[in-house]
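Student: I would like to go through the sheet here and learn how to read its features.
Tutor: Then start with the picture.

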Amino acid sequence: MAVILEHPFTTGKPADEGYATILDLERVVPCVEGGSVLETTGPGAVKAQIHVKMGAMSLTFTGTVEIVEQDADAHKVVMSVKSKEAGGQGHANAEVAFQLADGGGTIHTNAQITGKAASMGEGVVTGVLDALITDFSGKLAQL
């Protein structure tokens, strides 16, 4: 199942400061509800996990978050998220693009979900992802 979401956000910070914040995965990943960094695997790359509640199910995904594109002049950062469902066959992968501007920006998410999470249906998956990104963008403003 593919889900594409677009979220504007505000930070009240200059674009350069927002750009620097997004590049700091150790600070950014825990801003996702249930997300944590397990280890840094290289410059711009971490092993991470997330615990997600979807309806009556709680799922854990473990994988990598890697910065695959960064353009300081354009204030753009693209991350690749690749994760597998713990104890299951599913995965949750995404490309997340941040376009930063003075005072905020946009988050464009293109996610591919399979397994138990996908079995919940597109409406539930979209609702959960939308809530996670909205919560994340609020926490991002506080960094």
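Student: How many bridges join β1 to strand β7, and in which sense do they run?
Tutor: In general, strands of a sheet pair through backbone hydrogen bonds, either parallel or antiparallel. Two strands count as paired if DSSP finds at least two bridges between them; helices (H or I, at least four residues) and strands (E, at least two) are DSSP runs numbered from the N terminus. Here nine bridges join β1 to β7 (residues 104–113), and the two run antiparallel. Val3 stands opposite Ala111 in β7. This is a predicted model: local features need pLDDT of at least 70, side-chain atom pairs count only at pLDDT 80 or more, and totals for chains, interfaces and linings use all residues. Residues are numbered from 1 along each chain as its sequence is written, and side-chain values use heavy atoms, with hydrogens and water left out.

Student: In what order do the seven strands form the sheet?
Tutor: The order is β1-β7-β6-β5-β4-β3-β2, in an open sheet with antiparallel pairing. β1 (2–10) and β2 (35–42) are at the edges with a single partner strand each, so one side of each has no neighbour in the sheet.

Student: Which residue in the turn between β3 and β4 has a positive phi?
Tutor: Gly55, at about 60°, in a hairpin with two residues between the strands. β3 and β4 pair over ten bridges, and Met54 stands opposite Met57 in β4.

Student: Which strands does helix α4 lie across?
Tutor: Contact means heavy atoms within 4.5 Å. Axes are lines fitted to C-alpha atoms, for helices over the stretch in contact, and angles run from 0 to 180 degrees between N-to-C directions. Helix α4 (residues 122–140) lies across β1, β3 (45–54), β6 and β7, at about 25° to β1.
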